[in-house]
Amino acid sequence: MIYIGNHVSLKDGYFAMGKQEKKLGGDTFAFFTRNPRGGNAKERPEEDFENLRDFLTKEKFGTLVAHAPYTMNLAGKKDEVREFGQRVFKEDLQRMELLPGNYFNFHPGSHTGLGKETGTRHIQDALNNTLFPEQETTVLLETMAGKGAEIGSTFEELARIIEGVRLKEKVGVCFDTCHVWDAGYDIKGHLDEVLDEFDKAIGIERLLAVHLNDSKNPCGSRKDRHEKIGLGMIGDEALERVVTHPLLQGRPFILETPNDDEGYRREIEKIRNWIQ
Ligand code: FE
Ligand code: FE
Ligand code: ZN
């Protein structure tokens with residue numbers, strides 16, 4: 001069994017996201033911890049978090065997978081970019097503690113010319129400056145497609161980041177099917193081998209969440225263009241094997257496909273048919 005859901009908007013608050021996802025048939029969801037391209041987060045009353053917490057327990061939802069804004073780049077070349085990223089990471093992690101026990105996913109970062117080694121060190125520094133022993137949130141490094149100067153498009157690069165983090169027990173990985181495919185991992189022809197590679201490099205126990213997307217482009221294209229489930233180059237059969245894979249059971253699966261609400265409702269329904 002898996003949990004399935006999609007990205008929902010925080011515009012009407014936390015409790016509203018839970019109710020919205022239930023309407024779509026999901027039992028987990030993702031949301032941006034603040035405007036994905038903007039600056040400051042809008043603060044919400046404590047009661048809003050409390051209502052969502054009660055709702056999630058009552059409705060037996062799986063772990064949520066919050067997403068950091070795209071403007072957060074912990075590996076950036078400019079000091080101001082990294083300082084902004086560090087502030088956002090701290091503030092949003094702190095706010096996630098109002099929904100204890102969930103995941104906070106982020107793109108490891110783009111080194112923007114610094115080189116992967118220095119970029120990796122900046123990401124490790126940011127994690128070591130931010131994570132704290134009492135936190136109940138697990139942060140997830142997302143597997144990347146490898147466009148531009150992105151760090152984290154190979155399992156080894158993610159493993160290297162984690163190696164330098166002191167509180168390793170607070171760190172996991174979010175496996176994005178479009179991104180790993182675009183990065184060159186053939187999950188269509190060789191899913192078992194890809195998961196085995198993940199296990200050898202990182203450890204399969206760190207694979208805590210999945211972003212379930214089809215891809216508009218062929219394996220290894222490094223493009224990062226998501227497609228609706230079944231309409232892309234990965235296809236229904238291969239994505240069904242991901243969803244039903246014994247090593248991935250119990251995880252939250254998040255759709256990040258180009259859909260409106262009705263499209264998400266139908267995709268969730270289709271995936272529920274695969275898993276029953
Ligand atoms: Fe992402
Ligand atoms: Fe993703
Ligand atoms: Zn993507």
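1. Contact, as used in this note, means heavy atoms within 4.5 Å. Helices (H or I, at least four residues) and strands (E, at least two) are DSSP runs, numbered from the N terminus. The structure is a predicted model, in which local features need pLDDT of at least 70 and side-chain atom pairs count only at pLDDT 80 or more, while totals for chains, interfaces and linings use all residues. Residues are numbered from 1 along each chain as its sequence is written, chains are lettered from A and ligands numbered from 1 in the order in which they are written, and side-chain values use heavy atoms, with hydrogens and water left out.

2. Helix H1 (residues 14-24) has as its buried residues Tyr14, Met17, Gly18, Glu21 and Leu24; buried means under 20% relative accessible area, exposed over 50%, and partly exposed in between (1.4 Å probe, protein chains only). Because these residues cover an arc of only 125 degrees around the axis, they lie on the same side of H1. The arc is that of the directions from the helix axis to the C-beta atoms. Strand S1 (3-6), helix H2 (46-58), helix H3 (79-96) and helix H9 (261-275) are included in what covers the buried residues of H1. Glycine 25 follows H1 and has a positive phi, near 95 degrees.

3. The iron ion (ligand 1) is coordinated at 2.2 to 2.3 Å by His67 (NE2), His107 (NE2) and Glu142 (OE). Donors are N, O and S atoms within 2.8 Å of the metal (3.2 Å for Na, K and Ca); water is not among the atoms, so sites may look incomplete. The sequence spacing of these donor residues is H-x39-H-x34-E. Histidine 67 belongs to strand S2 (residues 65-67) and glutamate 142 to strand S5 (residues 138-142), so the pair ties together parts that are 75 residues apart in sequence. Both residues, histidine 67 and glutamate 142, are buried.

4. Glutamate 142 also bridges the iron ion (ligand 1) and the iron ion (ligand 2), which lie 3.3 Å apart. A distance of 5.3 Å separates the zinc ion (ligand 3) from the iron ion (ligand 1).

5. The zinc ion (ligand 3) has His179 (NE2), Asp224 (OD) and His226 (NE2) as protein donors, 2.0 to 2.3 Å from it. Their spacing along the chain is H-x44-D-x1-H. Histidine 179 in helix H6 (residues 177-182) and histidine 226 in strand S10 (residues 226-227) link distant parts of the chain, 47 residues apart. Histidine 179 and histidine 226 are buried.

6. Leucine 248 is located in the loop between helix H8 (235-243) and strand S11 (252-255). Leucine 248 counts as buried because its relative accessibility is 0%. Not counting residues up to four places away in sequence, leucine 248 touches Ile2, Leu195, Leu207, Val242 and Phe253.
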